Amino acid sequence: YPEGDETWNVLLGTNAGQNSSITWVPYEKVEEPEVEIPVYVMDSNREENDGKYLEWELLSNGLLTIKADGGMFAAPWNTYSAEIKKVVIEEGCTSICNNAFYECPLLAEVSIPESLTYIAENAFVECPRLETVYIPSGVERIHPDAFYGCPNLTRIDVSADNLNYASDSYGVVYSKDMTLLLIAPRGMTGSYTVPGSVKSAGSE
């Protein structure tokens, strides 16, 4: 097909010795209109415990929204763990419980509120698509194994205003005074030099 030509003429011979031509015109692809897939609520619920509530809603696009008046005392959404792609924890929630996000193969984004103070052990288990996490200023305690089940987590960034923790340019989490190495993301690759100020690693 001659580049730049709008048509392609071919001369054909016939049995009668006469010539005839066929002209091909380039196929013009017709753009199909985008079809919007409606988003609907897959499930939602509200539970109460000691006067505190836990409310959640999971949409068909994988968005899980969590509201709590205090700590996260259960994780009933784990029934739909294979459907969760993004988690938004709204202001008011103060903790993420153990196994809060258990075996969520599609979970790639988590939004943590400023009100959160504690992230429990194994809060995130088998979440292979989770690559980055941002820790806001209000978090006071992170269990060293909070993100242990995230093999591709490459960095954890801590707010510079956090009074308890700090992260370096590699996304490794330390105590604020940089004397304790708390979490090295499992997805880190290459060599890494631990700062000379570090005196221990692991639990606080």
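A disulfide is a pair of cysteine sulfur atoms within 2.5 Å. The views below show a predicted model, in which local features need pLDDT of at least 70 and side-chain atom pairs count only at pLDDT 80 or more, while totals for chains, interfaces and linings use all residues. Residues are numbered from 1 along each chain as its sequence is written, and side-chain values use heavy atoms, with hydrogens and water left out.

**View 1. Cysteines C93 and C97.** The structure holds zero disulfides, and the sulfur of C93 lies 8.6 Å from the closest cysteine sulfur, that of C97, which is too far for a bond. C93 is buried (under 20% relative accessible area, where exposed is over 50% and partly exposed is in between, with a 1.4 Å probe and protein chains only), at a relative accessible area of 0%, and C97 is buried at 16%.

**View 2. The ring pair of F124 and F147.** Rings of Phe, Tyr and Trp (its six-membered ring) pair if their centres lie within 6.5 Å, with planes under 30 degrees apart counted as stacked, over 60 as edge-to-face and the rest as tilted. The structure holds six such aromatic pairs; the rings of F124 and F147, with centres 5.0 Å apart and planes at 15°, are stacked. F124 is buried, with a relative accessible area of 0%, and F147 is buried, at 4%.

**View 3. The ring pair of Y170 and Y192.** The ring centres of Y170 and Y192 are 5.1 Å apart and their planes stand at 85°, so the pair is edge-to-face. Y170 is partly exposed, at 47% relative accessibility, and Y192 is partly exposed, at 24%.
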